[in-house]
Amino acid sequence: MAREPGWSVRLKLTLSYAGFLMIAGALLLAVVWVFLLRYVPDVIANPMPSTGAPQPHVRGTPSPPGPMVIPDRSDLLAAFGPKVALMLVFLLAFGLIGGWILAGSMLAPLTRITQATRLATAGSLSHRIQLEGRGDEFRELADSFDTMLARLEAHDAEQQRFAANASHELRTPLAITQTLLDVARNDPDRDNGKLVEHLHSINTRAIDLTEALLVLSRANQRSFTRERVDLSLAAEEAAETVLPLAEERGLTIETAGDITPTMGSRTLLVQLVTNLLHNAIVHNLPTGGTVWVTTRVRPQSVQLIVENTGEKLTSQQVATLVEPFQRGNERVRTDHSGVGLGLAIVKSITEAHDGTLTLTPRPDGGLRVMVELPAAPKPM
């Protein structure tokens, strides 16, 4: 933004310091005038020696003094005025020089913050201010700016990885579609029944991926209206949605818990629970597995816990599950494997609702996922 040139903050502070110093000096001189010089008479008569007989002089005693001279107000002003002028000039010079040095020292951290801001604007997010010294306003600002740069750098890296993965995932169905169409064009007499079935399956997968990307983008932008939502009801609704898939795989879904009111988007929160249940069903035992859904109330928050049986996982494997396009231990595809954005969407929805997502491996195998969200305020 183009702005008209103006005085720098350092110059303003310097003039302020000098001005306050001049005002303090003027007030001090005014106090001297009010409480001292005003009581001195304008004219003081000089006492003359007595005209009587001469006083005898005793040897060894000093001679009587001559006429006494007592300065009046004009004499004091004549002697005091130039010194006052010199002192005010000295105070002005001292205030300007000292104020310029002091302002520069105080604004030095702000200069470093400005330089870091310009580097960040130019695209360098790896730079940090790292301001030394004890905590004050400038150091709190620098620490906050460093934290913001760290989050921006992590977000930028995550977006780059996400864009690369999304491009790869979208390119695969498009490439397969192109290959099938080329085959059909080169062989007009070929039975197109299987071709249409393959194209339908690939197109459905591409649509699912696009819809998942839209949900993820909506969660990241936080473009939703907040309302009062009960997580326990959202869990029941999601369980009914995925129940046919669980029955097809011979799994059991057990739900229990308290009423857990929170504030947020009902649609996104149902999507969150659905993704967790779908993930718990797909990555479970071949048969006879179980999925547990529990809701809890805490003093300041509500919790949703989804656990499932399955293969044993390590902490390193669990740490990568919230990355986009990760599908458990191996990046394999099945009929219900999804598009690899389930837990990534869960993470984004949780963060959009100011919550926390915790994934831990179960000792007996499987995964334990806990979503903790702020509790809704009690109705009046």
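A cavity is a set of grid points where a 1.4 Å probe fits but cannot get out. In this predicted model, a search of the whole structure finds one cavity of 30 Å³ or more. The volume of the largest cavity is about 40 Å³.

The lining of the largest cavity is formed by Leu-276, Asn-279, Ala-280, Val-306, Asn-308, Leu-343, Leu-367 and Val-369. Two or more of the lining residues come from each of the elements α6 (266-282), β5 (301-308) and β7 (367-374). The most is given by α6, with three residues. By type, the lining consists of six nonpolar residues and two polar ones, with no charged residue.

Helix α6 also packs against another helix, α5 (residues 231-248), and the axes of the two come within 8 Å. These axes cross at roughly 40°. The crossing in which α5 passes α6 is right-handed.

On the α5 side, the contact is made by Leu-231, Ala-234, Ala-235, Glu-237, Ala-238, Ala-239, Val-242, Leu-245 and Ala-246. On the α6 side, Arg-266, Leu-269, Val-270, Val-273, Thr-274, Leu-277, His-278 and Ile-281 take part. The residues of this contact comprise 13 nonpolar, two polar and two charged.

Technical notes. Residues are numbered from 1 along each chain as its sequence is written. This is a predicted model: local features need pLDDT of at least 70, side-chain atom pairs count only at pLDDT 80 or more; totals for chains, interfaces and linings use all residues. Side-chain values use heavy atoms; hydrogens and water are left out. On a 1 Å grid over the protein atoms alone, a cavity is a set of points where a 1.4 Å probe fits but cannot get out, and a pocket is an open set with protein on both sides within 12 Å along at least five of seven lines; lining residues have an atom within 4 Å of a point. Grid points are joined across faces, edges and corners, and a volume is the space filled by probe spheres set on the points. Helices (H or I, at least four residues) and strands (E, at least two) are DSSP runs, numbered from the N terminus. Ala, Val, Leu, Ile, Met, Phe, Trp, Tyr, Cys and Pro count as nonpolar, Asp, Glu, Lys and Arg as charged, and the others, Gly among them, as polar. Axes are lines fitted to C-alpha atoms, for helices over the stretch in contact, and angles run from 0 to 180 degrees between N-to-C directions. A crossing is left-handed if the near helix is turned anticlockwise from the far one by less than a right angle, and right-handed if clockwise. Contact means heavy atoms within 4.5 Å.
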